[in-house]
Amino acid sequence: MTIERRGPATDAGERAMLEGWLDYHRETLAWKCEGLDDSQLRTAAVPPSELSLLGLVRHMADVERSWFRRVLVGDDAGPLHYSDEDRDGEFHLTEADTWKEAYATWQGEIAVARRNAAPLGLDDLSEGRSRFSDKPFNLRWIYTHMIEEYARHNGHADLIRERIDGATGE
């Protein structure tokens, strides 16, 4: 698989700009994982941290699920990889955790995110709430937060990838 990253249009309207930046950051995380095997993707950044590229992909699947299912439309979708007993479960990897499964799950959550957001306007308020606030969020806030979330973790991914094989890049 070859990941193509498309930068957002420089003259897009607000919604297209937000969706373009979000897709760019989604593609960047996939690009940082490209060409690595499961063992490399499970490689932790720097002990004692358990942060890994595969863990980041699993984390972002849960983040997509949380914001675009539970918060945006009030869907009672539970977490995929963590629990109350293991709040960092997405980073607690075993040999059974594979790129194929993690990537498919993440892409599935992205597809649901797009579907759930499509009929809404940027000012439309969420039906659900986050675990951090009892207030509703508008779609614009959710898009902006997701861009921030990916951008932060893509910075982690840069460092992890460089540690694994020396590959660098924006």
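Ala, Val, Leu, Ile, Met, Phe, Trp, Tyr, Cys and Pro count here as nonpolar, Asp, Glu, Lys and Arg as charged, and the others, Gly among them, as polar. The model is predicted, so local features need pLDDT of at least 70 and side-chain atom pairs pLDDT 80 or more, while totals for chains, interfaces and linings use all residues. Residues are numbered from 1 along each chain as its sequence is written, and side-chain values use heavy atoms, without hydrogens and water.

The largest pocket holds about 270 Å³ of space. A pocket is an open set of points on a 1 Å grid over the protein atoms alone where a 1.4 Å probe fits, with protein on both sides within 12 Å along at least five of seven lines; lining residues have an atom within 4 Å of a point. Its volume is the space filled by probe spheres set on the points, which are joined across faces, edges and corners. Of the 16 lining residues, His59, Val63, Tyr82, Arg131 and Phe132 are closest to the centre of this pocket. The lining divides into five nonpolar, four polar and seven charged residues. Helix α3 supplies the largest share of the lining, seven residues; helices are DSSP runs (H or I, at least four residues), numbered from the N terminus.

The second largest pocket has about 160 Å³. Its lining has 13 residues, and Arg26, Glu27, Ala30, Tyr103 and Gln107 are the closest to its centre. Here α4 gives the most, with five residues.

Phe137 sits in the loop between α4 and α5.

Key. Helix = DSSP H or I, 4+ residues; strand = E, 2+ residues; numbered from the N terminus.
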